[in-house]
Amino acid sequence: MVDLSVQLAPRNKRGLKLANPVMAASGTFGYGDEMSAICNIKRIGAIICKATTLKPRSGNAQPRIAETPDGLLNAIGLQNPGIDALVRDKAPMWAGWHVPVIVNIAAESIDEYAELARRLDNIPGVSGLEVNISCPNVSSGCIEFGANPASAASVTQAVRETTSLPVIVKLTPNTNNIVELACAVAEAGADAVSLINTLKGMSIDIKKRRPLLANTSGGLSGPAIKPVALYMVYQVSAAVKVPVIGGGGIMTAQDALEFIMAGASAVEVGTATFINPTATTEIIDGLESYSLENNLSCLDSIVGIAHKN
């Protein structure tokens, strides 16, 4: 029997224990119920719901998605129904699930982040928060805070002081020092860090001779960004004392294992779900098989092993 479980918030009184380290990334799995007909969501370690803001957002104008070689550009713009609808319509459903659901929160000010955290603090069905300070596809907020260690720490501290829920801070790769950024949010009270969010990029329509996306730029995800993400996870995991959640181009169990060996305690699977809706459960199967084949009683024994070899 292989123990795939992981504790992502060891210093939080509530804790955040997952049955396995495979998480459905925010923005790629809806609210979980949409995928339940085609994927056994009960097997997933955790589901991170679509980014939630205080007020409903319609998102950016179309077109806002474009395929690239080995990747995907998106500029959705945080479309969501707002926190009131989430608490009313989604949280009661999650409260009946065994799989933890983490709410990704995004805002345009520190006060808004704190208010979102306060309003979600004691909502049944909400197991934790992922603080989105890294979305590159909105005109204000998110990455404005996430690219600077001081402002990232300020957001983290405000959220930490407002909630007892486990707090994960999602980091942007669009910075000149992701290690400094990670250390700042960890010291400010983050229970874990997740990285990376998308890289800024664009595509041009050569027939119309203008940017393909209405927003001009978008966030690049998928296999194309995996080497960048893997290296950043390797760097950050060596510098912080909180769990690291790795993500960026994870398509297979082998990809997930690379991130785990680089120092990630858990992984987020995103773009892969668009190609293969059962990618998360197939990766779990692959992790189990690898563990059995290599006589591992628990997957935790190889977290960060690449730093030692």
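**Backbone exceptions in a predicted model**

Arg209 sits in the loop that links strand E12 (204-205) to strand E13 (210-211). Strands here are DSSP runs of at least two residues (E), helices are DSSP runs of at least four (H or I), and both are numbered from the N terminus. This is a predicted model, in which local features need pLDDT of at least 70, side-chain atom pairs count only at pLDDT 80 or more, and totals for chains, interfaces and linings use all residues. Residues are numbered from 1 along each chain as its sequence is written, and side-chain values use heavy atoms, with hydrogens and water left out.

Most residues other than glycine have a negative phi, and most peptide bonds are trans. Arg209 is not a glycine, yet its phi is positive, at about 60°. Arg209 has a relative accessible area of 75% and is therefore exposed; exposed means over 50%, buried under 20%, and partly exposed in between, with a 1.4 Å probe and protein chains only.

Leu78 also has a positive phi, near 60°, and is a residue other than glycine. Leu78 belongs to the loop between strand E6 (71-74) and helix H1 (83-94). Leu78 counts as buried because its relative accessibility is 9%.

The peptide bonds come next. Gln62 and Pro63 are joined by a cis peptide bond with omega of about -5°. Pro63 is part of the loop between strand E4 (46-48) and strand E5 (65-68). Another cis peptide bond connects Leu195 to Ile196, and its omega is about 10°. Ile196 is located in the loop between strand E10 (192-195) and strand E11 (199-202).
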